[in-house]
Amino acid sequence: MSYIDDFPSDVPDQPELVSCERDGDIVTLTIQRPDVMNCLSFPTLRRLRKLCHELKGDTSVRAILITGAGDKAFCAGADLKERKTMPMDRVPHFVKNIRRVMDDVEALPQPTIGLINGFAFGGGTELLLACDLRIAAPHAQLGLTETSLAIIPGAGGTQRLPRLIGKARAKELILTARKLSAAEAERMGLVNFVADEGKLREKGLEVARAIAANGPVAVRAAKRAIDEGCELPQAQGLEVEARCYELVLPTQDRKEALAAFAEKRAPRYTGA
């Protein structure tokens, strides 16, 4: 079943809501709704899911950056104005799709990096949790604030946050709806890096290029081994790792790596 089947027929495809820009083997997805804190409307969810569907099969893309337009907000979560006027029979469709957007991002074979350019609350933080890495601007703030609105994180937050920072810490943040500064988020491991002022995209590209310089088949296999194996008992996780290792053995890139080492030069990986 196509992702399109998850949407009511009157939800339009609006490409202007999320831009997709390519720089060599790195793609940047930008939510283009800065006037409403880049919040997630029904059409925005459709656009994000379409882009994830297209990128998933493009092995020439080696890393994906995800961010919001402007410098005020990464994403403030669900579009509450839209939700307020939404007929009740549409709400389940919306909730299903906001969950599946996070699943789609997490399932991308390419490493994903969330660039936190401002506020990231509720669904915005859940979108970041679905990314592999997170880099914040110094003024960024994060938080799963749903309990302050008498709901709970419903797009993976109650499951992904404790796996990232531990159950007790995740309970504290979710139950109090506390907002975190970028520095505190980095200290607890929710954020990988806090970029220097005005250098968020530069830092994101630095990390993305470091990833892209490595063997692309190996990078995808390593991501898969971690994602599929780390929640299993260790013996089963090691079996997942072994299966993923087998994927890289027949590649030309592995042979190129050995040749480059012997010839004392930088390897030239093609993804084959």
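Mentor: A residue is called buried when its relative accessible area is under 20%, exposed when over 50%, and partly exposed in between, using a 1.4 Å probe and protein chains only. The model is predicted, so local features need pLDDT of at least 70 and side-chain atom pairs count only at pLDDT 80 or more, while totals for chains, interfaces and linings use all residues. Residues are numbered from 1 along each chain as its sequence is written, and side-chain values use heavy atoms, with hydrogens and water left out.

Trainee: Is K223 buried or exposed?

Mentor: K223 is found in helix α9, residues 216–229; helices (H or I, at least four residues) and strands (E, at least two) are DSSP runs numbered from the N terminus. The relative accessibility of K223 is 9%, so K223 counts as buried.

Trainee: Which residues does K223 touch, leaving out those up to four places away in sequence?

Mentor: A contact means heavy atoms within 4.5 Å. With residues up to four places away in sequence set aside, K223 touches E106, L108, P109, Q110, P111, T112 and D132.

Trainee: Which residues of α6 are buried, and why are they on the same side?

Mentor: Helix α6 runs over residues 167–176, and its buried residues are A170, L173 and I174. They share a side of α6 because they cover an arc of only 95° around the axis, the arc being that of the directions from the helix axis to the C-beta atoms. In general, an α-helix has 3.6 residues a turn, so residues three or four places apart point the same way.

Trainee: What do the buried residues of α6 pack against?

Mentor: The face of α6 turned away from the buried side carries the exposed residues A168 and L175. The buried residues pack against α5 (157–165) and β9 (180–181).

Trainee: How many Å separate the C-alpha atoms of E54 and G118?

Mentor: E54 is in helix α1 and is partly exposed, with a relative accessible area of 45%. E54 and G118 are 64 residues apart along the chain, and their C-alpha atoms are separated by 27 Å.

Trainee: What is the radius of gyration of the protein chain?

Mentor: The chain has eleven helices and ten strands. It is as compact as a globular protein of 272 residues, because the globule rule gives 19 Å for that length and the radius of gyration is close to it. That radius is taken over C-alpha atoms, and the rule is 2.2 Å times the number of residues to the power 0.38. The radius of gyration is 19 Å.

Trainee: What percentage of the 272 residues counts as buried?

Mentor: Along its principal axes the C-alpha trace spans about 65 × 40 × 40 Å. Of contacts with a separation of 6 or more, residues 24 or more positions apart account for 69%. The buried share of the 272 residues is 47%.
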